[in-house]
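Try each task before you read its solution.

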Amino acid sequence: MNCQHCNTSIETGYTLCPECELNLTLLILRLATFTTPLKASLDSTLHPGGHQPTRTNLPTAPTPIRLDVLDLIDQLDATASELARWLEDSPQETAFTSIQDALIRCVESDLLPRFTDAELYYQTLTRLEQRILNIIDTPEETRIVGRCPNQLCGITLTAPSTATTITCPICNNTWSIQDVKREWLRQLIHEGKKTGTAAECAKAFTMSGITLKRNTINQWAARNKLTPVGIDTERTPIYRYADIYRIATRKHQTELDTTTTVTA
Ligand SMILES: [Zn+2]
Ligand SMILES: [Zn+2]
């Protein structure tokens, strides 16, 4: 016998291994806690994102309840009741007082890891959870900030766009976002040997606070202000970060600019 979800071999008579049974149980319990925020999201005037500037304000009043949320609640209700009835091996008339009640009864059933359609419900409930999370928990936009300034660590750090500090998940140091950006650029420039394509350089500089377009770098190269130090496997020219930094920070000194020569 193999676990329907992860395919490891299991005791005869079971359909899920103990680990997958635990994960399914936790999934069902999470869904039980989602029912309240989900119902709160029904009100179209209150849902997260309702105040976003991108929200379209229609000339006519919107439907007072969100039909997509209503549909999701119905699906969760139907799936939970159906699963609970199967697991209780009880006649179709079994009534549940709420979605939560049905979900809790599923978790309490001894049949959960021995149920024939375990994997089918596992997948259905996983999809429902994803759809519910998209409604009750609008994902925060995260972006790459730079590399961890800790020389021994150096992993790429990401943070929500509103964050001002960041704690490295590897070395546990807390940095200000500004410091991470500055340190990253400092390393790229002062290592001297660090190179990248125009696109890579533009991205690194812009993320570190010096706005630079890829086209600008290409133009510098076309006007011989900047000389590539080689080409990559796709025959794209690569440049030294240090060279680009020198030109970028001199941009306002037009006269100097025209005489700047960068040797490979
Ligand atoms: Zn398993
Ligand atoms: Zn670190």
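Predicted model: local features only at pLDDT ≥ 70, side-chain atom pairs only at ≥ 80, totals over all residues.

**Exercise 1.** How do the axes of helix H2 (residues 67-88) and helix H4 (residues 118-136) lie to each other?

*Solution.* Start with the axes, which are lines fitted to C-alpha atoms over the stretch in contact, with angles running from 0 to 180 degrees between N-to-C directions. Those of H2 and H4 come within 11 Å and cross at roughly 155°. H2 is therefore roughly antiparallel to H4 (under 35 degrees counts as roughly parallel, over 145 as roughly antiparallel, 65 to 115 as roughly perpendicular and the rest as oblique). Next, list the contact (C-beta atoms, placed from the backbone, within 7 Å): H2 brings Val-69, Leu-72, Gln-75, Leu-76, Thr-79 and Leu-83, while H4 brings Tyr-121, Thr-124, Leu-125, Leu-128, Arg-131, Ile-132 and Ile-135.

Residues are numbered from 1 along each chain as its sequence is written, with chains lettered from A and ligands numbered from 1 in the order in which they are written.

**Exercise 2.** Is Leu-103 buried or exposed?

*Solution.* First find Leu-103 in helix H3 (residues 99-108). Then count: Leu-103 has 28 C-beta neighbours inside 10 Å, so this residue is buried (20 or more other C-beta atoms within 10 Å; 12 or fewer is exposed, and in between is partly exposed; C-beta atoms are placed from the backbone). Finally, look for its partners: leaving out residues up to four places away in sequence, Leu-103 touches Ile-28, Leu-31, Ala-32 and Ala-80. Arg-30 lies 73 residues from Leu-103 in sequence, yet their C-alpha atoms are 9.7 Å apart.

**Exercise 3.** In what order do the strands of the open sheet of 3 strands run, and which helices lie across E5 and E7?

*Solution.* The order is E5-E7-E6, with antiparallel pairing (strands pair if DSSP finds at least two bridges between them). The edges are E5 (195-197) and E6 (230-231), each pairing on one side only. Between E5 and E7 (residues 237-240) there are 3 bridges, and Thr-195 stands opposite Arg-240.

Technical notes. Helix = DSSP H or I, 4+ residues; strand = E, 2+ residues; numbered from the N terminus. Contact = placed C-beta atoms within 7 Å.
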